[in-house]
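Colleague: Could you take me through this model, keeping to what can be computed from its atoms?

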Amino acid sequence: MQFFPLPAAVAAALALSGLQVRAESDPAQPPSETIAPPAQPSEWKVYLDHSFRIEVDGNLSCYSEDGQVCKPGNRSTDPAVIKPLTCGPNHKDRYGNTGYDETDHWCNRVYANLFAKWENYEMLGFSGLLSKTPNNDPMCMSSNGIDCDWNSRERAPVPGRTIKPVVCGQALLKTRRRITGYEEHWPNHWCQSPEIVASNLTHPPVRGVDPAGRVTFTFASLPAWTAADSPVFRVRKATAPSDFDGLWIFDRNENRLDIKYGTASSADPEVPQFVMAVPREKPRY
């Protein structure tokens, strides 16, 4: 695999099938924008007659009126009555575990079915859907909670199908696998894969034509990043026409990626697959 350094302003490199482009350290680059936490909890969502939401700190919670047990059925509209049971430190104080570190716990299962953003990781070498918990532990799509649904061609979860995720970390250690997925001697484990933060799914490309008559696909509004974040960009085409220029131009100031190839007379050129990934954050708890 080849890597190319990106200069401070605009980077260009040949984007052949399977090629990765990684940024090198650039002290002159301003830091990424800080994403502020939400000011309010999310709206309640109902799952199996219980209500759940994401709290301001990013943790999942269930509707409760005593802060200890998830209460099914109708919810009160009185803020003084609502005392959510929240996964993470709050759950650990009451039950001795965060909820994220237990196999098949509702903190993982409900989040996977209601709030998780799933991405197909085939472009990074894992032929299945991956996401992460609010604890930053990666999780894979699974129908039995034991085996990842690898070799899946799905680009998104199947509506109506119950997800029983396999979660890295302490939850995985407590299964028959007896590993966390974070072991140093297993660096290629899917638990240690880079995290996809943008792709064709989350940032559909806009087709256009540049002044030279080449067809362009622009991936706009990508997440802000700096070279210190070590982002990896990968582009792939199922076919490689002879007029494929394969030129990438990435402007960090505008957070925009252009892939230019073909000619204006080309018959609807194929949209290239694209992912942007960064190293994963460590688990929170």
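Modeller: Contact here means heavy atoms within 4.5 Å. This is a predicted model, in which local features need pLDDT of at least 70 and side-chain atom pairs count only at pLDDT 80 or more, while totals for chains, interfaces and linings use all residues. Residues are numbered from 1 along each chain as its sequence is written, and side-chain values use heavy atoms, with hydrogens and water left out.

Colleague: Which residues is Trp106 in contact with, leaving aside its neighbours within four places in sequence?

Modeller: With those neighbours set aside, the partners of Trp106 are Phe52, Leu60, Ser61, Cys62, Cys70, Leu85, Cys87, His91 and Tyr111. A nonpolar core is a set of buried (under 20% relative accessible area, 1.4 Å probe, protein chains only) Ala, Val, Leu, Ile, Met, Phe, Trp, Tyr and Cys residues joined through side-chain atoms within 4.5 Å. In the largest such core, of 24 residues, those touching the most other members are Phe52, Leu60, Trp118 and Trp106.

Colleague: Which element gives the largest share of this core?

Modeller: Helices (H or I, at least four residues) and strands (E, at least two) are DSSP runs, numbered from the N terminus. Two or more core residues come from each of β4, β5 (60-62) and α2 (106-114). The largest share is 6 residues, given by α2.

Colleague: Which backbone oxygen does the side chain of His50 reach?

Modeller: His50 lies in strand β4 (residues 50-54), and beyond its neighbours within four places in sequence it is in contact with Lys45, Cys70, Lys71 and Pro72. At 3.0 Å, its side chain reaches the backbone oxygen of Leu48.

Note on methods:
Polar contact = N/O pair within 3.5 Å; in protein donor to acceptor, adjacent residues only side chain to side chain. Buried < 20%, exposed > 50% of the residue type's maximum accessible area, 1.4 Å probe, protein only.
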